[in-house]
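Okay, thanks for coming, everyone. Let me put the model up and walk you through a few spots.

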Amino acid sequence: QISWISLLVLGYLFYLLLGAMVFQLLEKQAETHFRDQFQLEKLKFLQNYTCLDRQALEQFVQVLMEAWEKGVNPEGNSTNPSNWDFSNSFFFAGTVVTTIGYGNLSPSTVAGQIFCVFYALFGVPLNLAFLNQLGKALNAHLLTLERWVQKPGRAQVQCQFTILAIFLTTGTLLFLVFPPLVFSYVEGWSYGEGFYFTFITLSTIGFGDYVVGTNPNKHYIPVYRSLAAIWIVFGLAWLALVFNVGADLMERYLQLKWHKSDLSLAEGDTTKLEDEPEQPRIHIPS
């Protein structure tokens, strides 16, 4: 058991180190390019508008950054829709209890921040209990489907594999394949960006670089973000089951491989002992 836990810890650390190296390789050069390009754009702006100096420009950039941190989109004007109407507030409440936390919007008042703490304190366990019951309901439907699919003479493993394939295919279509088409049409994203947003959201990673209903140049229906929040809830339940199944299969496979290696080592030692000739015993008289 200790050897298995050590193997799991080492594998986990190795996976983190591998991810760090790959992300650094892929993103660091692009970040340097964008940083240099931004500095070049600021120099061009100062050259075109000589009435401004660098300090004034930096102050204006700071104002833009503070506005963005407060959830105000610098694009557009004061006629932009509010981030705290009922639909957007409903969507934000969903991101709190599901622990997605995009980061593009957060309470700015002290009262709102304190309420958010206690709202999450009770809302996160409530959300977990709700998702647990929703997962049990999905599992019950899967068992019903398994009994319907299972026929006399058909192996149980084959039936379970069929049900798992149906579960994965249906959920993938409903929660990962079709939603990006809708988001691409409404938000103007590419399908790859929509798929990226879909998975990052349902896995509760929630970077906040892509969020639905935040473009001030687009007109959204009032219930758009509320419908997106409902989709998120059911998608979370489905993907959580997928992650649980994947983790269980991975753990069983690794434990089986580790157990087989231990057995092979033990059998090798036993064979070695059997091959060795028996040594003459020395009798010590009393």
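I'll start with the ground rules, then go to the annotated spans, one asparagine and the core.

So, this is a predicted model: local features need pLDDT of at least 70, side-chain atom pairs count only at pLDDT 80 or more, and totals for chains, interfaces and linings use all residues. Residues are numbered from 1 along each chain as its sequence is written, and side-chain values use heavy atoms, with hydrogens and water left out.

The unreviewed UniProt entry lists "transmembrane region" for residues 6–26, 86–105, 111–131, 161–182, 194–212 and 224–247. Those positions are in the numbering used here, with feature names shortened, and such annotations may be inferred rather than shown by experiment. Take 111–131: 100% helix, 0% strand, with end C-alpha atoms 29 Å apart. Residues 161–182 are also 100% helix and 0% strand, and there the ends are 31 Å apart.

Helices here are DSSP runs (H or I, at least four residues), numbered from the N terminus. Asn88 sits in helix H3, residues 86–97. Is Asn88 buried or exposed? Buried, because its relative accessibility is 8%, and buried means under 20% relative accessible area (1.4 Å probe, protein chains only). Beyond its neighbours within four places in sequence, Asn88 contacts Ser82, Asn83 and Arg225; contact means heavy atoms within 4.5 Å.

Now the core. A nonpolar core is a set of buried Ala, Val, Leu, Ile, Met, Phe, Trp, Tyr and Cys residues joined through side-chain atoms within 4.5 Å. The largest one has 27 residues, and Trp231 is among those with the most contacts inside it. H7 (224–275) is one of the helices giving two or more residues, and H7 gives the most, 10. Leaving out residues up to four places away in sequence, Trp231 touches several residues, including Phe175, Phe183 and Phe197.

Note on methods. Buried means under 20% relative accessible area, exposed over 50%, partly exposed in between (1.4 Å probe, protein chains only).
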